[in-house]
Amino acid sequence: MKFWLLFIACIIIEIIFTPLFLKAQWPGMCLKSLTYKMICSTAFVSIGVLSMIISDNKTTYAIMMLAGLAFGWLGDYFLHAKPTNTYFALGLVSFMVGHIVYIACYIRTLPVISPDYNMFNAVELAAIISLLVVAVVLAKKFKVAFSTNLLKVAVVAYTFVLILMFIKATSLGVNYCLTGASDGIFAVIVLTLGSLCFVLSDASLSIILFGGEKRNKPLKVFNIVTYFAGQVMLASSILFIKG
């Protein structure tokens, strides 16, 4: 019971400190905003740890998800600590590695949950292609531009990894639900919505950074709220998925 109370407390901390962070970081980053942001980041990592304890989940899935959350924590720090290209690159790499860990986790767990799962199937391929087309359309609509070709390649690669993460997370949730598990619907919700929130958050961040919308406060709010909501839901998937 006490761990559930701590779990709920971490969610409350997210709800309280997310708007405090948004207020502190506008119009620019500062020590206070960094502190509030890292409190939120520590809260979603803590939710992952508490989910492991509550569900007694010590499987590879739980450990890999916790590793992905930890890389998210690092990414949050580097993207906010200093406004330099080096810190931005470290933040981008941290999130990229985190997404790759998530993907590896889902790919490893899918055959465990559903032995007949086809890793390369037409439905997922069509979904990936469709989302890539949507990404290109949005980039043109918001006139997204990059200062260097290297940055462009990095963002394109990141976009592909992000979309793949969303597709595999959704597949894992759906396949787990199809096993008839009593908590299957909850797994679908946290994995699908959690990964979708991540996609929406990073899409809005690209528009903010490379589409000339750095002064767009509503878009910034959307970016942060969907990000922390996504991480909380993905962390909570440890309550349900064991493999």
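**A walk through the predicted model**

Let us start with Asp-183, which touches Tyr-176 and Phe-240, leaving aside residues up to four places away in sequence. Please keep in mind that this is a predicted model. Asp-183 lies in the loop between α6 and α7. Is Asp-183 buried or exposed? Its relative accessibility is 19%, and buried means under 20%, so Asp-183 counts as buried. Asp-183 and Leu-239 are 56 residues apart along the chain, while their C-alpha atoms are separated by 9.4 Å.

I turn next to the salt bridge. The structure holds one. It is formed by Glu-124 and Lys-168, whose closest N and O atoms are 2.7 Å apart. This pair links distant parts of the chain, with Glu-124 in helix α5 and Lys-168 in helix α6, 44 residues apart. Glu-124 is buried, with a relative accessible area of 7%. Lys-168 is buried as well, at 4%.

Helix α1 covers residues 2-24. How far apart should its ends be? At 1.5 Å a residue, the 23 residues of α1 should span 33 Å, and its end C-alpha atoms are 32 Å apart, so the two values agree. The helix α1 also bends by about 25° at Phe-17, and a proline, Pro-19, follows within four residues.

Which residues of α1 are buried? Among them are Phe-7, Cys-10, Glu-14 and Phe-17, together with Phe-21 and Leu-22. The buried residues of α1 pack against α2, α3 and α8.

A nonpolar patch on the surface is formed by Met-1, Trp-4, Leu-5, Ile-8, Ile-12, Ile-16 and Leu-20, with about 700 Å² of accessible area together. Met-1 belongs to the segment before α1. Met-1 has a relative accessible area of 74% and is therefore exposed.

A cis peptide bond joins Trp-26 and Pro-27, with omega at about 15°.

Helix α2 has 25 residues and reaches 36 Å from its first C-alpha to its last, close to the 36 Å expected at 1.5 Å a residue. Leu-31 is found in this helix, which runs over residues 31-55. With a relative accessible area of 65%, Leu-31 is exposed. Leu-31 and Ala-81 are 50 residues apart in sequence, yet 8.0 Å apart in space, C-alpha to C-alpha.

Finally, I would like to consider backbone angles. Most residues other than glycine have a negative phi, and most peptide bonds are trans. Asp-56 is found in the loop between α2 and α3, and it is exposed, with a relative accessible area of 53%. Lys-143 is not a glycine either, and has a positive phi of about 55°. Lys-143 is found in the loop between α5 and α6, and at 69% relative accessibility it counts as exposed.

Thank you for your attention.

Methods:
Residues are numbered from 1 along each chain as its sequence is written. This is a predicted model: local features need pLDDT of at least 70, side-chain atom pairs count only at pLDDT 80 or more; totals for chains, interfaces and linings use all residues. Side-chain values use heavy atoms; hydrogens and water are left out. Patches are made of residues with over 30% relative accessible area and no salt bridge: like charges are joined within 9 Å, nonpolar side chains (Val, Leu, Ile, Met, Phe, Trp, Tyr) within 5 Å. Accessible areas come from the Shrake-Rupley method with a 1.4 Å probe; for residues, only the protein chains shown count as cover. A salt bridge is a side-chain nitrogen of Lys or Arg within 4 Å of a carboxyl oxygen of Asp or Glu. Helices (H or I, at least four residues) and strands (E, at least two) are DSSP runs, numbered from the N terminus. Buried means under 20% relative accessible area, exposed over 50%, partly exposed in between (1.4 Å probe, protein chains only). The expected span of a helix is 1.5 Å times one less than its number of residues. Contact means heavy atoms within 4.5 Å. The bend at a residue is the angle between axes fitted to the seven residues ending there and the seven starting there.
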